[in-house]
Amino acid sequence: MTKRVVHVSCIKHKYLDKTEVDLCGLDFIVNQGERIVILGSNGSGKTTLLSHITGLLEPTSGSIEVLNRNPAKNPDLVSQKLGVLFQHVEEQLLGPTVYDDIAFGPRNHGWSKQVIKNKVYEIADVLGIRHLLNKLCHYLSGGEKRKVALAGALVMEPEILVLDEPFVELDPISKKEILQTLNKYNQDKKTAIIVATHQVELVYKLADYVYILNQGEVIDKKTPKEILTNKAIFEKNNLELPHMVQLLYNLKQAGLDIPITFDVDYLSKEIIDQLKLSKKEIT
Ligand SMILES: Nc1ncnc2c1ncn2[C@@H]1O[C@H](COP(=O)(O)OP(=O)(O)OP(=O)(O)O)[C@@H](O)[C@H]1O
């Protein structure tokens with residue numbers, strides 16, 4: 001039977017300035033090894049939802065279970081089983097040096113010096129940041145900080161990874177490498193991945209299911225294909241339609257019957273075939 005690792009049901013939160021966020025609508029459910037992308041425009045409640053899952057916030061009502069326990073009441077569970085990457089990444093870099101920062105979790109859990117060293121080097125190699133290990137975190141670039149924070153999130157081999165806008169500030173090569181790393185972790189270790197973003201193109205590359213948030217409400221759960229083939233979802237939820245999908249819709253409107261896909265090679269072949277065919281028909 002599939003193990004449910006996260007279950008959030010109609011939680012409400014009141015911030016100190018009295019802003020109320022009601023994350024009701026559909027229950028938010030994540031099973032072991034699932035890759036979930038949470039899409040929503042600015043202020044739709046993505047970070048608020050993730051902050052409850054990671055136990056940083058406690059709801060005023062509703063229920064939240066992470067690995068069958070309340071995360072706000074079980075900080076040990078969170079630190080051992082959850083790997084977290086915050087949106088404002090500076091807030092989570094704790095060590096003076098990159099090495100110290102990645103080693104923070106393992107040291108706290110009493111791992112031996114040698115095991116920590118091996119693991120820090122291993123994860124630094126995976127993320128291509130070994131050359132940064134002796135550097136002070138303060139002087140890292142934005143993208144480097146994000147990679148270091150991700151290394152800190154992965155080093156404990158968590159059951160659940162919670163990532164808030166992980167690809168902001170990353171160059172295309174870093175983005176591709178980190179996507180590959182996340183998908184590999186997911187495959188090899190059955191790590192559940194929860195990513196909040198408004199970068200819709202990630203859906204195709206990093207989602208088994210997509211939850212859509214709109215003004216705090218969890219309004220929909222869909223597969224990537226269902227999202228990408230339904231233009232109305234983008235308009236209704238103030239999400240940017242990726243250029244490639246817009247192009248496909250335009251071609252469809254002009255009479256070319258092309259499947260909606262993000263596979264550039266497949267798409268190019270389809271377009272070329274159809275253009276060749278129509279050229280033949282004319283001549
Ligand atoms: N610490 C806070 N104090 C007061 N209000 C807050 C706080 N954090 C978030 N909010 C409010 O809660 C609502 C949801 O914000 P949240 O940050 O969860 O949205 P988001 O979907 O992550 O947005 P973005 O994509 O811009 O990061 C917004 O109206 C926001 O102003």
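Six strands come together in an open sheet, ordered S6-S7-S8-S4-S9-S10, with mixed pairing; two strands count as paired if DSSP finds at least two bridges between them. Strand S6 (82-85) and strand S10 (217-222) are the edge strands, each pairing on one side only. Strands of a sheet pair through backbone hydrogen bonds, either parallel or antiparallel. Within this sheet, strand S7 (residues 160-164) and strand S8 (residues 192-197) run parallel and are joined by five bridges. One of these links can be found by eye: Ile160 has Ala192 in S8 as its bridge partner.

The model is a predicted one, in which local features need pLDDT of at least 70 and side-chain atom pairs count only at pLDDT 80 or more, while totals for chains, interfaces and linings use all residues. Residue numbers start from 1 along each chain as its sequence is written.

Stepping back to the whole, the protein chain holds 11 helices and 10 strands; helices (H or I, at least four residues) and strands (E, at least two) are DSSP runs, numbered from the N terminus. The C-alpha trace spans about 75 × 45 × 40 Å along its principal axes. Of the 283 residues, 37% are buried, meaning that 20 or more other C-beta atoms, placed from the backbone, lie within 10 Å of the residue's own.

And what surrounds the ligand? The 14 residues around the ligand include Tyr15, Asn42, Lys46, Thr47 and Thr48, which come nearest; a residue is near a molecule if its C-beta atom, placed from the backbone, lies within 6 Å of it. Helix H1 (residues 46-53) gives the largest share of this shell, three residues.

Conventions. A residue is buried if 20 or more other C-beta atoms lie within 10 Å of its own, exposed if 12 or fewer, and partly exposed in between; C-beta atoms are placed from the backbone.
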